Amino acid sequence: MRVMAVFAIAIACAQAADVIQSRYSAHDFALTADASAPQWKNAAGVLATKDSLGRPVPGFETEFRSRWTRHNLYILFICPFDRLNLKPNPSTTTETDRLWNWDVAEAFLGSEFDHTGHYKEFEVSPQGEWVDLDIDRDHAGKQLGETWNSGFTVKARVDDKRKIWYGEMKIPLASIDSRKPQVGREMRAGLYRMTGVEPRRLSIAWQPTMSASFHVPAAFGILRMVK
């Protein structure tokens, strides 16, 4: 019995490693990109400690936190850096094409468990640039790509003294899930980050894809809404 109990605990721990808990907030809140803000300081997060191929990335361990309300999903990215790779002449009022070529934090979110190749991609840069895309790996010719508009908003802040940048997203839940949000609701989630300048450019992943690409839906974890 003891062996079975230990085995059950091991399985539970393994499952928990694939889950980020998004804690409920009764009210929507202004974006601050501040991990010490009241809405974020007690929110438990998950860490990305490896690159997309599963290799350790010491010094670049990235934290992700999440909250949800009746209408929106919030994600906070906490990103240590040594040197930022920033796009010249940034725009924060229009979508930035190919933002992933620069320093960026990314969330891939999908609510269809029977169509795992279909999901939405959201990105924010240290300069507050953004892009959102509708991705369909199974029907690439029909996907909306950057023509899709979620209505999400972002905020970013760079702490040069501590060498950490923070990105925050507010994503309308209706743009990613037709189901009513509730405690226990789950969606598939990939949480990623690109950082640095070649030859030290890194692709950091909460759940390593074991590929140079983040677009491996089978490697996504789970985002679970909790009270």
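## R55 and the basis of the model

R55 counts as partly exposed because its relative accessibility is 49% (buried means under 20% relative accessible area, exposed over 50% and partly exposed in between, with a 1.4 Å probe and protein chains only). The model is predicted, so local features require pLDDT of at least 70 and side-chain atom pairs count only at pLDDT 80 or more, whereas totals for chains, interfaces and linings use all residues. Residues are numbered from 1 along each chain as its sequence is written, and side-chain values use heavy atoms, with hydrogens and water left out.

R55 occupies the loop between β3 (50–51) and β4 (62–68); strands are DSSP runs of E with at least two residues, numbered from the N terminus. Not counting residues up to four places away in sequence, R55 touches T49 and K50 (contact means heavy atoms within 4.5 Å). Its C-alpha atom is 8.7 Å from that of P208, although 153 residues separate R55 and P208 along the chain.

N72 counts as buried at 10% relative accessibility, and Y74 is buried with a relative accessible area of 0%. The side chain of D28 makes a polar contact of 3.0 Å with that of N72 and one of 2.7 Å with that of Y74. A polar contact is a pair of N or O atoms within 3.5 Å; within protein, one must be able to donate a hydrogen and the other to accept it, and residues adjacent in sequence count only if both atoms are side-chain atoms.

Beyond four places in sequence, N72 is in contact with D28, R67, K170, I171, P172 and L173. The C-alpha atoms of Y74 and P38 are separated by 14 Å, the residues being 36 apart along the chain.

E106 lies in strand β6 (residues 104–110). It is buried yet has no salt bridge, and the nearest side chain of opposite charge, R201, is 7.1 Å away; Lys and Arg count as positive and Asp and Glu as negative, with His and the chain ends not counted. Outside four places in sequence, E106 is in contact with W100, E121, Y192 and F214, among others.

The largest pocket has a volume of about 210 Å³. Among its 13 lining residues, W100, E106, E121, F214 and H215 are the closest to its centre. β6, β7 (118–124) and β8 (130–136) each contribute at least two residues to the lining. A pocket is an open set of points on a 1 Å grid over the protein atoms alone, where a 1.4 Å probe fits, with protein on both sides within 12 Å along at least five of seven lines; lining residues have an atom within 4 Å of a point. The volume is the space filled by probe spheres set on the points, which are joined across faces, edges and corners.

## Salt bridges

Eight salt bridges are found in the whole structure (a side-chain nitrogen of Lys or Arg within 4 Å of a carboxyl oxygen of Asp or Glu). One of them joins D134 and K120 at 3.9 Å, N to O. D134 lies in strand β8 and K120 in strand β7, so this pair ties together parts that are 14 residues apart in sequence. Both D134 and K120 are buried.

E186 and R224 form a further salt bridge, with their closest N and O atoms 2.6 Å apart. Because E186 belongs to strand β11 (residues 186–195) and R224 to strand β13 (residues 221–226), the pair ties together parts that are 38 residues apart in sequence. E186 counts as partly exposed at 25% relative accessibility, as does R224 at 28%. E63 and R65 also meet in a salt bridge, at 2.8 Å, N to O, and R65 is buried, with a relative accessible area of 11%.

Definitions and conventions. Helices (H or I, at least four residues) and strands (E, at least two) are DSSP runs, numbered from the N terminus.
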